[in-house]
Amino acid sequence: VSKKIGVGVIGAGRIGRLHTENLAHCIPEARLVAVSDVASEAAQKCAADFGIPTVEKDYHALLANKEIDAVLICSSTDTHAQIMMDAAAKGKHIFCEKPIALDLPTIDKALEAVRKAGVKLQIGFNRRFDANNLRIRKLVQEGAVGDVHILRISSRDPGPPPMAYVKVSGGIFCDMTIHDFDTARYLVGSEVEEVFTLAAVRVDPEIGAAGDLDTAIVTLRFANGVIGAIDNSRKAVYGYDQRAEVFGSKGMVQAENLTPTATKVSGSEGVTADKPLFFFLERYMDSYCLEMREFITCLQEGTEPKATGYDGRVSVQIAKAARLSYDKKRPVKVSEIS
Ligand SMILES: NC(=O)c1ccc[n+]([C@@H]2O[C@H](COP(=O)([O-])OP(=O)(O)OC[C@H]3O[C@@H](n4cnc5c(N)ncnc54)[C@H](O)[C@@H]3O)[C@@H](O)[C@H]2O)c1
């Protein structure tokens, strides 16, 4: 029997609590050792709720703890790269939420520190573990749709995040579409070479005032010739809309939204069904659990994670190309971003 993996959680906000809960309840191979948050109350509440013995305000103290084999970096985006370098220097394995950072030189520095330290790194691209996406990928790989011609992803949030979040998020492409860029590469099995973006502020002028966008269509050209389109909105009134489609010479595979129940009500005025599951915590619950299980398994068995530092880097590169395309009103090669 392998020894339990000692885990430290850095950042006890929305996503940090979710991963902690999954580790506490579904992954007996892990042991929660410590939690750190600059907001002491958040860390204390997380520790109390999930039975974590140690609380640190400063993550450096957590990194010094010898019982910790691996850390989860779940703090705000602008802190990920520095914490990654510090954790690598202490020989800790790392699970880091997306995005690693908002520029490639910073990401490259952090990835170099990870490589030098020889620790494992998994990026929080949970959608790779979603049952719909796993099935589409498998069917595409098996040739069920023949030669792939078109990829389509619709990804729309039920409502925009608070303005305070928007301002530090890095913008819609680095914050939201980043998941879709990663999913697109994952489903098609090829790299994105070029993007062309049309985008707008259609939901909330405040988002525009902060320099961001809330509505976008990003078209993609892949190295293997496939063309694709991702459409995003920060506000779909009917709920979290997450659909994907791969079309090819032999047919098409589509993934529809998941709903709380599969019931339909028919009446004289029409037919109604459930709205999609509310938001990412509900819709992707299973995938968060599976990604964390994969991380712990990789550490126990010495295997490589499915969502790597390279994947984390490329997704930011594509996101920045998408923004540049919007700014310049022209197609942008992903290789233009360095
Ligand atoms: N993979 C996903 O589906 C997904 C979903 C949500 C968020 N995220 C990512 O996770 C990160 C956190 O997002 P969130 O929604 O949980 O935000 P949040 O604001 O709810 O939580 C972030 C927490 O980190 C803490 N923090 C900030 N700096 C810190 C530091 N130096 N040391 C320790 N703690 C620190 C904050 O006090 C806060 O409690 C973001 O980078 C976001 O992009 C990923």
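On a 1 Å grid over the protein atoms alone, a pocket is an open set of points with protein on both sides within 12 Å along at least five of seven lines. A molecule sits in a pocket if more than half of its atoms lie within 2 Å of its grid points. The model is predicted: local features need pLDDT of at least 70, side-chain atom pairs count only at pLDDT 80 or more, and totals for chains, interfaces and linings use all residues. Residues are numbered from 1 along each chain as its sequence is written, and side-chain values use heavy atoms, with hydrogens and water left out.

**Exercise 1.** Describe the surroundings of the ligand.

Solution. The ligand takes up the space of the largest pocket. Around the ligand are 24 residues, of which Arg14, Asp37, Thr77, Glu97 and Tyr288 come nearest; a residue counts as near if one of its heavy atoms lies within 4 Å. This shell comprises 9 nonpolar, 11 polar and 4 charged residues, with Gly counted as polar.

**Exercise 2.** Identify polar contacts (pairs of N or O atoms within 3.5 Å) of the ligand.

Solution. Begin with the backbone: an N or O atom of isoleucine 15 lies 2.9 Å from a ligand oxygen atom, and one of valine 38 lies 3.4 Å from a ligand nitrogen atom. Next, a polar side-chain atom of histidine 179 lies 3.4 Å from an oxygen atom of the ligand.

**Exercise 3.** Classify the ring pair of tyrosine 240 and phenylalanine 279.

Solution. Ring centres must lie within 6.5 Å, and planes over 60 degrees apart count as edge-to-face. Here the centres are 5.0 Å apart and the planes stand at 75°, so the pair is edge-to-face.

**Exercise 4.** Which peptide bond is cis?

Solution. The cis bond joins lysine 98 and proline 99, with omega about -20°. By contrast, most peptide bonds are trans.

Terms used:
A polar contact is a pair of N or O atoms within 3.5 Å; within protein, one must be able to donate a hydrogen and the other to accept it, and residues adjacent in sequence count only if both atoms are side-chain atoms. On a 1 Å grid over the protein atoms alone, a cavity is a set of points where a 1.4 Å probe fits but cannot get out, and a pocket is an open set with protein on both sides within 12 Å along at least five of seven lines; lining residues have an atom within 4 Å of a point. Rings of Phe, Tyr and Trp (its six-membered ring) pair if their centres lie within 6.5 Å; planes under 30 degrees apart count as stacked, over 60 as edge-to-face and the rest as tilted.
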